Amino acid sequence: MRLRKRQRLVLVALVLLLGAGSAALVLAALGEKVSLFVAPSDLAEKPLEAGKRFRLGGLVAEGSVERRADGEVRFAVTDGAATVTVAYRGILPDLFREGQGIVAQGTLEAGGLFRASEVLAKHDESYMPKEVAEALKRGGHWKEAGEEGGASLPPAAGGEGR
Amino acid sequence: MIAELGHFALVLAFAVALVQGVLPLFGAARRDATLVAVAPPAALLQLLLISISFGALVHLYIVSDFSVANVAANSHQSKPLVYRISGVWGNHEGSLLLWVWILALFGAAVAAFGKNLPVLFKSRVLAVQALIGVGFLAFMLFTSNPFERLDPAPLEGRGLNPILQDPGLAMHPPMLYLGYVGFSTTFSFAIAGLLEGRIDPSWARWLRPWTLAAWTALTLGIALGSWWAYYELGWGGFWFWDPVENASFMPWLAGTALLHSAIVVEKRDTLKSWTILLAILTFALSLLGTFLVRSGVLTSVHAFASDPARGVFILALLVIAVGGALALYAWRAPSLQGGGMFAPVSREGALLLNNLLLASATATVLLGTLYPLALDVLGGPKISVGPPYFNATFVPLMIPLFLALPIGSVLAWKRAELSGAVQRLWLAAVATVVLSVALLLLRDPPLGLSLIGYGLGIWLILGTLADPLTRAALPGGGLARFWRRLSGLPRASWAMVVAHVGLGVLVIGVTATSTGQSERILAMKPGQTAELAGYEVRFTGVREVRGPNWIAQRGTFEVTRDGAFVAELFSDKRFFLVEQRPTTEAGIHTTLWRDLYFVLGDPAPDGAWTVRLYHNPLVAWIWGGAVLMALGGLLSLSDRRFRVGAPRPARAAAAVPAE
């Protein structure tokens, strides 16, 4: 009986230790390692400090894409109410184009330029990132974008995948 | 006609599943042999019916019958035959049909091969399996019928998302589903065991082959998906901690824990209620994965367009299945007899530690996956939880697991001495330290924290190999005896060695690729050269090529090293004519030690092209390690002592290792 009790005790101690350890890891990580999703008009209202990583979402503004000789691409991301200029070096996703909804991950520079380390467009052009769709609705840009034919409501059916 | 036949077969399968789910349970409760005997033939009939239905859909895709809405939306006559067939599961309805087909396949397999199972127990397993089928067949028939007709029928289909037209992805879903859905059998075994009130070593022995089969398939399925993402998406990465990847990874982690805890039940008749709980949770995570992927709550490649009704239906299924199972568990588990005792330092103790660490890791992944969703539902800010979170939570939990693994696997059952483990492993430990220090001194630039990853990988490999090798080598006597002793090890022990070495190989591959990648993004004009990790890369130019259903601009790169020719690589920007969509094909040159991975980007006005050049060290080790782990699973499955229907082993055969 004594052995069983000791076995229980060791087990409980181990479980507590591991539970506390992983909880600490999770809490620390949730505090620091997640990135906020922000729309251009959010930034216009309440600017984020330079150097903080976050995700910027919106439509690529028509006529704003500028490819520089050194391989850098600049374009404007808009949600109808405000616009942020994004600089990106690298290969843009296949479905990147003007009028398309995108999400960019990166940081703001002191001058208000958003330097992206990653630009995501969905794998399916008829499908818009949900966050972008909502940002656009809030920006009042939703309908106008649909009329331009660039972006439209996510269809009720027709997404594709695995 | 064929479509209606398929639909009709599906309705019949639903009826059969109802019968198979209800009658045997009543029969088992009342000890009525006639009702109980319904289960096995019903399981076989159900497989037959769903096979007819699945065959019908495949046929419709092959002949391109666009009067069926599903075919019209996802196929096109110009697609190569392979992709017309794989298109069957490249969409919501078709992939669900594959899901229920595999569910029926496992049910029928239990009916056909589970000859050693007691009749009552077997009928209960089959009944639970059928009840899961009832839920999913109802889901298909009421919300996602793949055989719905279109009137008028279009002349041509809309095609399949081009990034899915790929051999790796043709194989990935069936493999993944074999794993995902295979865990339904462990769920059914757990529920049947709880209903019976009898969980003992023979229960664990029956469970084992099914867990192993599901786990092996899931391992391969995840590896295939990761491989596809690596070469197809053109980002040079192999794992993105995308919610959908996590959805398949969580059942894998829980299944791995289950695989290990079932050994304890089998050998020592203890940890029973925990093992039952794991069996339930593993399948619950599979269902959760199905829900996350299929309901459209996530934005991802896999999210077929969302239809709220579907999401609610799967969520209801999830709640009923898991809630019911957990309620039954809460009711019956306390009556399970606790088994043998063990000291903290023992094989049982080590396997328990393995389980606790894997369970914690599963929990952190689950939290990271669901947290953004929960926050969104509660009206909080929109956030994304990406690799930084998982690197900070999941990775630290793996370090003690990998450190303890070789030690745990040499401990004796019940009560062990650490000194014994030290005796067996000190050589491997010293070798690990020497190799790590050598890496630290020789590598330029210095390794930094990644040294921990390499060290752990080396330790896993050497620590795992040390035991069988020293056992075979110790008491002297020629090479012949050495080999005889080695080959005398039971296959299950070899399975463990191969799988754990595979894990070590995987850890080294993952460490190297994620910390040692060299990347260059350049604007190159044809004829220009660039340097990448000691290679000279010459961009020779871009020309147009045509494929069966696409036109591509193909960039050509010539790679040399110190003037000697290494390889010529091609990267395409393909444009799919039907779907009107571009895709990128990376040019990849693989050796055992590194991948060269080149991607052609967009042209600039001055005639230069953006190109992305990667040098990825040891990527092949990732897939190699995963394949070794799956091979370990297959080896263990083939051990005749555990084969389904094999006679109970003699005591002597169980006494490891042969001498």
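Colleague: What should I know about the model and its numbering?
Modeller: The model is predicted: local features need pLDDT of at least 70, side-chain atom pairs count only at pLDDT 80 or more, and totals for chains, interfaces and linings use all residues. Residues are numbered from 1 along each chain as its sequence is written, while chains are lettered from A and ligands numbered from 1 in the order in which they are written.

Colleague: Which domains does chain B have?
Modeller: The assignment gives domain 1 (1-165) and domain 2 (518-619); such bounds come from an automatic or database domain assignment.

Colleague: How many residues from each domain of chain B are in the contact?
Modeller: Domain 1 of chain B gives 8 residues and domain 2 of chain B gives 7 residues, where contact means C-beta atoms, placed from the backbone, within 7 Å.

Colleague: And what separates the centres of the two domains of chain B?
Modeller: 43 Å, taken over C-alpha atoms.

Colleague: Sheets next. What is the order of the 5 strands in the open sheet?
Modeller: S3-S4-S5-S6-S7 in chain B, with antiparallel pairing. Strands are DSSP runs of E, at least two residues, numbered from the N terminus, and two strands pair if DSSP finds at least two bridges between them.

Colleague: Which are the edge strands there?
Modeller: S3 (529-532) and S7 (581-585) of chain B, each pairing on one side only.

Colleague: How many bridges between S4 and S5 of chain B?
Modeller: 10 bridges, between residues 535-546 and 550-561. B:Phe539 is opposite B:Phe557 in S5(B).

Colleague: And what order do the 4 strands of the open sheet with S2 take?
Modeller: S2-S10-S9-S8 in chain B, with antiparallel pairing. B:Ile588 has B:Tyr597 in S9(B) as its bridge partner.

Conventions: Two residues are in contact if their C-beta atoms, placed from the backbone, lie within 7 Å.
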